[in-house]
Amino acid sequence: MFKNLIVYRLAPEWQPDATAAEAALQAARFTPCGLTQPVSAGFVEPRGQAHGPLLELVGGQWLLKLQTESRLLPSAVVKRRVDELAEQIEQQTGRQPGKREKRELKDQATLELLPQAFTRQGATRIWIDPQARALMVDASSAKRAEDVVTLLTKALPGFGVRALQTTLSPAAAMAAWLLEGEAPAPFHLERECELKAPDEVRATVRYTRHHLDIDEVREHIKAGKQATKLALGWRGRVAFILTDTLQVKRIAFDDVVFESTKGSQTAPEEAFDADAAIATGELAPLVAELIEALDGELDESAGPAVPASEPAAVATAAEESAPWD
């Protein structure tokens with residue numbers, strides 16, 4: 001159900017109310033792109049059933065799904081049309097269009113071509129844990145997660161978050177674990193990592209399917225290379241990649257985790273509930289113990305670390321962000 005997690009802390013002044021949130025989300029329901037609309041984003045049913053709720057409650061966890069649609073208009077196609085329009089002007093007036101007119105021609109060409117462009121859709125799963133005061137976005141890039149936060153902030157009155165920060169930076173922790181040849185329990189090193197030099201060249205060394213408890217890795221760390229990605233396992237149940245920006249990527253559950261649901265003849269709605277309960281039930285303690293392994297959460301307002309189970313100071317998310325990528 002989740003492949004990546006970027007974690008935020010919920011604003012203390014925002015009080016989760018599922019009924020009010022469902023009503024607010026209806027105003028932000030997804031609609032396909034209009035003929036001249038390059039991008040559209042909105043919320044859809046997490047279960048995939050038409051006309052269902054936009055917010056699903058499973059075991060106290062909130063599950064949402066954001067859908068995006070964008071029109072694919074290659075720049076080369078736009079340029080060709082701009083050149084055609086510019087040539088028409090030159091033939092009619094005997095002069096070449098200037099820079100400002102070229103920009104206007106580009107806008108004109110884009111509007112002409114957008115209705116003919118193919119569309120591409122994508123979806124992002126969102127998980128809100130009201131008790132832990134956490135928002136988790138299943139995104140592989142910080143930019144996409146920030147766009148999700150912006151849309152949630154606009155859709156839900158009073159909603160706000162800040163990015164999770166830990167006392168010990170992930171880069172420093174990963175370097176220490178590689179030097180020691182082991183990660184703190186209940187985590188263990190897997191067989192993949194990425195090391196980068198901090199200089200302009202950014203020389204990079206990657207290990208894949210390779211034991212990491214070796215002198216060669218330690219020498220790279222001692223020479224100044226920084227750990228940017230590290231594969232970890234958790235309690236023999238979940239494997240993932242931790243990044244230096246505290247992103248959890250490439251989440252993979254061990255077969256035993258979903259063993260109880262294999263081969264069962266359950267209805268689709270029951271299967272959704274089971275998968276959601278299992279996934280969130282595994283990942284919630286994983287995130288909490290990962291924060292503990294990084295010496296607890298950083299309270300930016302007070303300075304010292306905050307225990308993983310307690311919410312930290314939160315700043316309201318910005319109202320605007322760059323267009324969806």
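**Entry: naming the elements.** Helices here are DSSP runs of H or I with at least four residues, strands are DSSP runs of E with at least two, and both are numbered from the N terminus. I am working on a predicted model, so I keep that in mind throughout these notes.

Entry: I began with the loops. Which peptide bond did I find to be cis? The one from Ala-185 to Pro-186 is cis, with omega near 10°. I placed Pro-186 in the loop between α5 and β8, the strand covering 187-196. Next I looked up Arg-209, a residue other than glycine whose phi is positive, near 50°. Arg-209 sits in the loop between β9 (204-208) and α6. I noted both for a reason: most residues other than glycine have a negative phi, and most peptide bonds are trans.

**Entry: α5 against α6.** Helix α5 spans residues 170-180 and helix α6 spans 215-222; they pack at about 140°, with 8 Å between their axes. The cut-off for roughly antiparallel is over 145 degrees, and α5 and α6 are therefore oblique to each other. The crossing of α5 past α6 is left-handed. From α5, I listed Ala-175, Leu-178, Leu-179 and Glu-180 in the contact, and from α6, Val-217, Arg-218, Ile-221 and Lys-222. Sorted by class, this contact has five nonpolar residues, three charged and no polar.

**Entry: α2 against α3.** What angle do α2 and α3 make? I read about 120° for helix α2 (residues 75-93) and helix α3 (residues 99-113), whose axes are 9 Å apart. That angle makes α2 oblique to α3. Here the crossing is right-handed. On the α2 side, I wrote down Val-77, Val-78, Arg-81, Val-82, Leu-85, Ala-86 and Ile-89. The α3 side includes Glu-101, Lys-102, Leu-105, Lys-106 and Gln-108, and also Ala-109, Thr-110, Glu-112 and Leu-113. In total I have nine nonpolar, two polar and five charged residues in the contact of α2 with α3.

**Entry: empty space.** Rolling a probe the size of a water molecule over the atoms shows where empty space is left. How many cavities of 30 Å³ or more turn up in the whole structure? The search finds one. I noted about 50 Å³ of space in the largest cavity. Its lining consists of Val-7, Leu-164, Leu-246, Val-248, Val-287, Leu-290 and Ile-291. Which element gives the largest share of that lining? Helix α7 (residues 268-293) does, with three residues. By class, I count seven nonpolar residues in the lining of the largest cavity, no polar and no charged.

Definitions and conventions: Residues numbered from 1 in each chain as written. Predicted model: local features only at pLDDT ≥ 70, side-chain atom pairs only at ≥ 80, totals over all residues. Heavy atoms only, no water. 1 Å grid on protein atoms, 1.4 Å probe; cavity = no way out; pocket = protein on both sides within 12 Å on 5 of 7 lines; lining within 4 Å. Points joined across faces, edges and corners; volume = space filled by probe spheres on them. Nonpolar A, V, L, I, M, F, W, Y, C, P; charged D, E, K, R; others polar. Axes fitted to C-alpha atoms, helices over the stretch in contact; angles between N-to-C directions. Parallel < 35°, antiparallel > 145°, perpendicular 65-115°, else oblique. Left-handed = near helix turned anticlockwise from the far one by under 90°. Contact = heavy atoms within 4.5 Å.
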